[in-house]
Amino acid sequence: MSGGAVIKMTRSSDIELQKRRLFQTDFPPEEFKSRRRKIFEAIGSDAHALLQGKPAPLGFQLFRQSNEFYYCCGVEIPHAYLLMSGSEHSATLFIPKHPDHQGDKAPILTAEDAELIKEFTGVDAVHPLEDLTEHLKKVSVLYTPHCPAEGRSETRHLLFQANRLIAFDPWDGRPSREQHLISLLRTRFPRIEIRDLSPILDAMRLVKSPREIELLRRAGHLSALAITEAMRATKPGMMEYQLRALANYVYMMHGAWGEGYASIVASGSNIWDPHYSRNDCMMKNGDLVLMDTAPDYHYYTSDIGRMWPVNGTYSSWQRELYGFIVEYHKTLLRQIRPGLTADQIMEEAAREMAEVVDGFNFSKGIYRKAAQRTLEFRGHLSHPVGMTVHDVGNYRSKPLKPGIVFSVDPQMWVPEEKLYIRVEDTIVVTENGIENLTGSAPLELDDVEAIMREESAFPILGGTQTAAST
């Protein structure tokens, strides 16, 4: 064999290895096949389903696939489409060409890599994107998502809001990407009946598989680690955004892409805004700080919230209010188990906590009234958590079942003093109760103070114990 042939073979082998690195390894093809089988069962034998992948990012952002597309096949290729046939129980992937790609650049996946793609995803066929039109000519009923597809640091609610603003802009008015696709389908294939795939995917994503729970467990651990390190680092005189930067450092050092959403670091009066995210104020002696943060770890995230004193010691009123909400939080966690509805759990917890409120010596009447209102509020078992922090699906209308993941987020409002007190963890329902995915972060007030006395592994410039309070 000539030397040139050896070099060519080595280069070809190296490219093959690099292309294999382009595939996720968290889920085997069998899991994607199982998810697609559920779609086939839901749409019926006379229908097809079409998923549109995310477009290539603008600027220097790394590409991240949409959650629903990744959920169904794990493919991380911009402008890819997945067509699923209910009659044949088959999935076909359509991949665009990259005319500007040159052989000396980093490898990319094309339709020529069909065998490799099928190996990692379990799809039945791979075609160039231009073939999609011919395949759609055979379709009579087509399911495709009507709801916006979440990407990096996106939730469906936020995407709906953004799309509404665009629609109401008289100098813009573009439809969402999903609605634009539906419009093109109806124009090009007027005989196709278009149906909404979103409810089917939402129901599937609500109950997590063991592999999904393992990723959520890792994301929850990183959330708790970031919160704990932020507690250690907090000093009067620091900026709120410095704690956000510390959390992002923790995430990226442990294999996450960064934040799963814009972290909340609210100190002092900023706490009154429940979704404050400017994080641009100095933390002062005597303030409480609320931090709510989680990573984007392999397409999965978490949700955690803790409040701690900037100076390291809870004042009497901080202990009173935050201590109450921590006790309520622990009561809620004890009540959660499969077979009960969210309302049943909150009613049971409220009954138990009513005795605490009656027997507690609140320092102010407005604090007692706030505690009583807290027991009446029915939103303390909050949103599902999964591929996005406010994940899709509805767990509240039926009894809980194992594999459902959501945040437990008891909250208290004292409007007279503009105080907002809360604590949050992400849990997964198990066969016998729950697993607290973020439970390694300090919760008890004495434990928080002890952590804050420890030396931080991430000292941050700018903090000073003598910063003046206001």
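Three strands form an open sheet in the order β7-β8-β9, with antiparallel pairing. Strands β7 (264-267) and β9 (305-309) are the edges; each has a single partner strand, so one side of each lacks a neighbour in the sheet. On average, neighbouring strands of this sheet are turned by 15° against each other, direction ignored. Strands here (E, at least two residues) and helices (H or I, at least four residues) are DSSP runs, numbered from the N terminus. Two strands count as paired if DSSP finds at least two bridges between them. Axes are lines fitted to C-alpha atoms, for helices over the stretch in contact, and angles run from 0 to 180 degrees between N-to-C directions.

The model is predicted: local features need pLDDT of at least 70, side-chain atom pairs count only at pLDDT 80 or more, and totals for chains, interfaces and linings use all residues. Residues are numbered from 1 along each chain as its sequence is written, and side-chain values use heavy atoms, with hydrogens and water left out.

Look at the pairing in detail. Strand β8 (residues 288-292) and β7 are antiparallel and share four bridges. Ile 264 faces Asp 292 of β8. Helix α10 (residues 240-253) lies across β7, β8 and β9 and runs at about 150° to β7. Contact means heavy atoms within 4.5 Å.

The loop between α10 and β7 holds Glu 259. Is Glu 259 buried or exposed? Its relative accessible area is 14%, so Glu 259 is buried. (Buried means under 20% relative accessible area, exposed over 50%, partly exposed in between, with a 1.4 Å probe and protein chains only.) The Glu 259 side chain makes a polar contact with the side chain of Arg 244 at 2.7 Å. A polar contact is a pair of N or O atoms within 3.5 Å; within protein, one must be able to donate a hydrogen and the other to accept it, and residues adjacent in sequence count only if both atoms are side-chain atoms. Leaving aside residues up to four places away in sequence, Glu 259 touches several residues, including Ser 153, Asn 248, Tyr 251 and Pro 295.

A second sheet comes next. Four strands make an open sheet in the order β10-β11-β14-β15, with antiparallel pairing. At its edges stand β10 (381-384) and β15 (434-436), each with a single partner strand, so one side of each has no neighbour in the sheet. Neighbouring strands of this sheet are turned by 35° against each other on average, direction ignored. Helix α11 (residues 316-335) packs on the sheet and touches β10, β11 (405-408), β14 and β15; its direction makes about 155° with that of β11. Strand β14 (residues 425-429) runs antiparallel to β15, joined by three bridges. Val 428 stands opposite Glu 435 in β15.

Gln 24 sits in the loop between α1 (3-20) and α2 (29-43). Gln 24 counts as buried because its relative accessibility is 8%. Its side chain reaches the backbone nitrogen of Asp 26 at 2.7 Å. A polar atom of the Gln 24 side chain also lies 2.8 Å from the backbone nitrogen of Phe 27. Not counting residues up to four places away in sequence, Gln 24 touches Phe 32, Tyr 70, Gly 74, Glu 76 and Phe 120.

Finally, the whole chain. The protein chain has 14 helices and 15 strands. Buried residues account for 52% of its 470 residues. Its C-alpha trace spans about 80 × 55 × 50 Å along the principal axes.
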